[in-house]
Amino acid sequence: MNDTDKKREKAKYDVDYAKKNIKRVPLDMQKDDYDKLQAAASAAGEKVNTYIKRAIFERMEREQTQAGGGFGISWALQKRSRGLLSRK
């Protein structure tokens, strides 16, 4: 198998993986708000996507604690998701 075939196989694997395991969540916001978000993410040393995901998980964790249960987000899921946060 040559390099081109390996690249095609890897690309196919990546697409199949994404179809099975990734859910895109579109987010519309005002440009001014996005600029603020981008600045906050940069100040935290994170990409915007990472910053948003971390904010979501932190809020879910807070609300779960306040509700005494709630969404069923497990520590394992949070750890896995935080690992995914570092991907582009």
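The model is a predicted one.

The secondary structure of the chain consists of four helices and zero strands. Read from the N terminus, the order of the elements is α-α-α-α. The chain has 88 residues, of which 11% count as buried. Its accessible surface comes to about 7,700 Å², and carbon and sulfur atoms contribute 53% of that area. Among the contacts in the chain with a separation of 6 or more, 24% are between residues 24 or more positions apart.

The packing of helices can be considered next. Two packed helices are described by the angle between their axes and by the distance between the axes. For α2 and helix α3, which spans residues 48-67, the angle is about 90° and the axes are 9 Å apart. Angles of 65 to 115 degrees count as roughly perpendicular, and α2 and α3 are therefore roughly perpendicular to each other. On the α2 side, the contact is made by Tyr 34, Leu 37, Gln 38, Ala 40 and Ala 41. On the α3 side, Val 48, Tyr 51 and Ile 52 take part.

Tyr 13, Tyr 17 and Ile 22 make a nonpolar surface patch of about 300 Å². One of these residues, Ile 22, is located in the loop that lies between α1 (3-21) and α2 (31-43). Is Ile 22 buried, partly exposed or exposed? Its relative accessibility is 45%. Because buried means under 20% and exposed means over 50%, with partly exposed in between, Ile 22 counts as partly exposed.

Note on methods. Residues numbered from 1 in each chain as written. Predicted model: local features only at pLDDT ≥ 70, side-chain atom pairs only at ≥ 80, totals over all residues. Heavy atoms only, no water. Patch = residues over 30% accessible without salt bridge, like charges linked within 9 Å, V, L, I, M, F, W, Y side chains within 5 Å. Areas by Shrake-Rupley, 256 points an atom, 1.4 Å probe, with all protein chains shown as cover. Salt bridge = Lys/Arg side-chain N within 4 Å of Asp/Glu carboxyl O. Helix = DSSP H or I, 4+ residues; strand = E, 2+ residues; numbered from the N terminus. Buried < 20%, exposed > 50% of the residue type's maximum accessible area, 1.4 Å probe, protein only. Axes fitted to C-alpha atoms, helices over the stretch in contact; angles between N-to-C directions. Parallel < 35°, antiparallel > 145°, perpendicular 65-115°, else oblique. Contact = heavy atoms within 4.5 Å.
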